[in-house]
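Let's take a walk through this structure together.

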Amino acid sequence: MTGTMDRERWKRARAVFEEATELGGASRARFLDGACAGDAELRAEVESLLAADEDDRPFLEDDVSGSAIELLRGDATNPRVGKLVGPYRLLRQVGQGGMGAVYLAERADGSFDQHVAVKLLPSGPYRDELVARFERERDILASLNHPNIAGLLDAGVSELGPYIAMEYVEGAAIDAYCDASRLTVDERLRLFR
């Protein structure tokens, strides 16, 4: 979607998305036809949310068992590793999602030592709606301030495209932690809150 989605349209998209997640196949398509009633932008936003919801790859998956040597060596198969993104040097990829890849990065300009998580859009030509979604994510992250949410540190555009730099948090992805700990739904909700 281009532009900023207003609060009422976001509520509508969210409501349609939540109902659509309960349906599959032809039932979902029929439901979306009726619920979106010819509103192509609403339909595109809901379908984008559904695609992201079905993407089972974690947003910030971290393999903390890797050695310091692996960190220094980087990922030789990934052409982005070792490149500069703003003042940050990409060390290794730590996650992949529908909106792009997340890298462990270090401050490379000598100002101070800092490790961050840098999120980049996929390489290639960017569709306007993908860039707009990325910018909305950046704006939402900038407005959040909570001890349990990784904070936005920086954002900009580099030779590799738009990026977001966030606090780097070591640990397991929340879904992997919940599964490994065999948490009940109530326990998961308490953890989430």
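Start with Ile-140, which sits in helix α5. Keep in mind that this is a predicted model, where local features need pLDDT of at least 70, side-chain atom pairs count only at pLDDT 80 or more, and totals for chains, interfaces and linings use all residues. Residues are numbered from 1 along each chain as its sequence is written, and side-chain values use heavy atoms, with hydrogens and water left out.

Helix α5 covers residues 128-143, and its 16 residues reach 23 Å from first C-alpha to last, close to the 22 Å expected at 1.5 Å a residue.

Now zoom out. The protein chain has seven helices and six strands, taken from DSSP runs (helices are H or I, at least four residues; strands are E, at least two) and numbered from the N terminus. In order, they run α-α-α-α-β-β-β-β-α-β-β-α-α. Of the chain's 193 residues, 34% are buried.

How far can you trust it? The predictor's confidence in each residue, pLDDT, goes from 0 to 100; its mean here is 80, and 83% of residues reach 70 or more. Strand β4 (residues 115-120) has the highest mean of the elements, 93, while helix α4 (residues 68-73) has the lowest, 41. Where pLDDT is low, the predicted coordinates should not be read in detail.

How values were computed. Expected span 1.5 Å × (residues − 1). Buried < 20%, exposed > 50% of the residue type's maximum accessible area, 1.4 Å probe, protein only.
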